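Thanks for coming. I have one structure to go through today, so please look at the sequence and the model on the screen.

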Amino acid sequence: MSRRSAQPDPRSILRSGLPDRYLTPDDIAEMFEVPKETVYQWRKKRTGPPGFRIGKHLRYDPTDVRAYVAQRKNSDQAAA
């Protein structure tokens, strides 16, 4: 059994509560069902969830990702 399959689905983590770890670009790509390159482009253009660096590693705080999703939902509903 691989270590990756033993980890919970990042989407269910955001629905059920905060994980006990920061999310990786792979987690974000999986969560939003986009290529990892899209996640990096969002960061470069400052259009996606806010991330931060720990040394050379990019990480995302689940609270910030949840706030980003809520903001996107609200702006889409307001535009409709």
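Let me start with a question: is Phe 32 buried, partly exposed or exposed? Phe 32 is partly exposed, at a relative accessible area of 26%. Buried here is under 20% relative accessible area, exposed is over 50%, and partly exposed is in between, with a 1.4 Å probe and protein chains only.

Some ground rules. This is a predicted model, where local features need pLDDT of at least 70, side-chain atom pairs count only at pLDDT 80 or more, and totals for chains, interfaces and linings use all residues. Residues are numbered from 1 along each chain as its sequence is written, and side-chain values use heavy atoms, with hydrogens and water left out.

Now the layout. The protein has five helices and two strands, in the order α-α-α-α-β-β-α along the sequence. These are DSSP runs numbered from the N terminus: H or I of at least four residues for helices, E of at least two for strands. Of its 80 residues, 24% count as buried. The protein exposes about 5800 Å², and carbon and sulfur atoms supply 51% of that; the areas are Shrake-Rupley values with a 1.4 Å probe.

Next, the core. The largest nonpolar core has nine residues: Leu 23, Ile 28, Ala 29, Met 31, Val 39, Trp 42, Leu 58, Tyr 60 and Val 65. Such a core is a set of buried Ala, Val, Leu, Ile, Met, Phe, Trp, Tyr and Cys residues joined through side-chain atoms within 4.5 Å. Helix 3 (25-32) and helix 4 (36-45) each supply at least two of its residues, and the largest share, three residues, comes from helix 3. Leaving aside residues up to four places away in sequence, Ile 28 touches Leu 23, Val 39, Trp 42, Pro 49, Tyr 60 and Val 65, where contact means heavy atoms within 4.5 Å.

Last, the aromatics. There are three aromatic pairs. Rings of Phe, Tyr and Trp (its six-membered ring) pair if their centres lie within 6.5 Å; planes under 30 degrees apart are stacked, over 60 edge-to-face, the rest tilted. Tyr 22 and Phe 52 have ring centres 5.1 Å apart and planes at 85 degrees, so this pair is edge-to-face. Tyr 22 sits in the loop between helix 2 (10-16) and helix 3, and Phe 52 in strand 1 (residues 52-54), so the pair ties together parts 30 residues apart in sequence. Phe 32 and Trp 42 are also edge-to-face, at 5.8 Å and 80 degrees. Phe 32, Trp 42 and Tyr 68 form one aromatic cluster.
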